Amino acid sequence: MPLVTHEIDDGIANITIDRPDKLNALNATVLTELRDAFQAVETEADGVVLETAGDRAFVAGADIAMFEEMSNQTEFMEFVRLQNRVNDYIEDHPALVVAAVDGLAYGGGLELVLATDLVVAAPEVPFGVPEVSLGFVPGGGGTQRLPRVIGPNKAKEMIVTGNPISAEEAHDLGLVNRIAETDTVQQAARDLIGEAQENAPLAIEEAIRLVNEGMDASLDAAKQYEQAVAAYLYTTEDTAEGIRAFTEDDEPDFSRR
Ligand code: COA
């Protein structure tokens, strides 16, 4: 049975991690299937809702039983590299990726959330990085992406104490975009993508790329890149259509060209 499934409905993909008996813990099979699912929808979906099965957990982290079975550091590094490749792939994915978090997101689960573009969560869901309680540090990008989103001091506090924060606190810190009741989280994620889909798809894709790449560049270099992208988009049919629709007080009909 697959551990990750995907389906596309009306231009939006639902990718589901389906390992509820282990609280959707991430092992190499889950990560490989997750990357394959994102790859499979790459040319067909403008948006992806990333969700998981069961009602307890979004993802309870990397699979601790797997760490116990590993016999050397090379095996451990292979897993960490895979986890990073998958998170980077999701971050760079051209679709707008929204995490629908309706259960706890710990360790690698929070790192997965940090690789998505936007986050919708149920109010009581805890977000945490408990790795130090096991002797690890977060290895899937957590020590780097978390401080970029919530600031270094709060990130350090979460990492060194391992104490989770609630979705509402995560919302106040900018880690969660929207709060929705548990049974509406997936629909709220879909609605968020729907709001974006009213706009020009190439512009959305380029805007997300600009934000992501700009976070790692100097302000000057990032602004230069922004100007080049803005100038490129000016030449596209969709910008002409957007300007036409505005001028004629009409609804734009964007074509991704
Ligand atoms: N890796 C592997 N298996 C995990 C797991 C993980 N990260 N998290 C939960 N599971 C498994 C449990 O072993 C258990 O399996 P079993 O029924 O075969 O024994 C099942 O999922 C249910 O978990 P359980 O611990 O019984 O649920 P709980 O409601 O009592 O506790 C947690 C939930 C999340 C508090 C607890 O599972 C936990 O602390 N998990 C580890 C979180 C973590 O440290 N993540 C970072 C990993 S680096």
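Trainee: Which residues of S2 are buried on one side, and which on the other?

Mentor: Keep in mind that this is a predicted model. Ile12, Asn14 and Thr16 are buried on one side of S2, and Ala13, Ile15 and Ile17 are buried on the other, leaving both faces covered. That makes six of six buried residues in this strand, which spans residues 12-17.

Trainee: Nice. How many bridges join S1 to S2?

Mentor: Six, and S1 (residues 4-9) runs antiparallel to S2. Take Ile8: its bridge partner in S2 is Ala13.

Trainee: And what sits between those two strands?

Mentor: Two residues, as S1 and S2 form a hairpin. Asp10 lies in the turn and has a positive phi of about 55 degrees.

Trainee: In what sense does S2 pair with S3, parallel or antiparallel?

Mentor: Parallel, over six bridges, with S3 covering residues 47-52. Ala13 turns up again here, standing opposite Val48 in S3. To get from S2 to S3 the chain passes through H1, and this β-α-β crossover is right-handed.

Trainee: Let's switch to helices. What span should H3 have?

Mentor: H3 has 20 residues, 73-92, so at 1.5 Å a residue it should span 28 Å. Its end C-alpha atoms are 28 Å apart, which agrees.

Trainee: Which residues of H3 are buried?

Mentor: Phe79, Val80, Leu82, Gln83, Val86, Asn87 and Ile90. Looking down the axis of H3, these buried residues fall within an arc of 155 degrees, so they line one face of the helix.

Trainee: What do they pack against?

Mentor: Several elements: helices H1 (28-40), H2 (64-69), H4 (108-115) and H5 (142-150), along with strand S5 (96-101).

Trainee: Then what does the face turned away from the buried side carry?

Mentor: Exposed residues, namely Gln73, Thr74, Glu78, Arg81 and Asp92.

Trainee: Which residue caps the N-terminal end of H3?

Mentor: Asn72 does, with a side-chain oxygen 3.1 Å from the backbone nitrogen of Thr74.

Trainee: Last topic: what's the strand order in the open sheet of four strands?

Mentor: The order is S4-S6-S8-S9, and the pairing is mixed. S4 (57-59) and S9 (165-166) are the edge strands, each pairing on one side only.

Trainee: How many bridges are there between S6 and S8?

Mentor: Two, in the parallel sense, between S6 (residues 104-106) and S8 (residues 126-128).

Technical notes: Residues are numbered from 1 along each chain as its sequence is written. This is a predicted model: local features need pLDDT of at least 70, side-chain atom pairs count only at pLDDT 80 or more; totals for chains, interfaces and linings use all residues. Side-chain values use heavy atoms; hydrogens and water are left out. The expected span of a helix is 1.5 Å times one less than its number of residues. Buried means under 20% relative accessible area, exposed over 50%, partly exposed in between (1.4 Å probe, protein chains only). The arc is that of the directions from the helix axis to the C-beta atoms. Contact means heavy atoms within 4.5 Å. A polar contact is a pair of N or O atoms within 3.5 Å; within protein, one must be able to donate a hydrogen and the other to accept it, and residues adjacent in sequence count only if both atoms are side-chain atoms. Two strands pair if DSSP finds at least two bridges between them. A crossover is right-handed if, with the strands pointing away from the viewer, the path from the first strand over the helix to the second runs clockwise.
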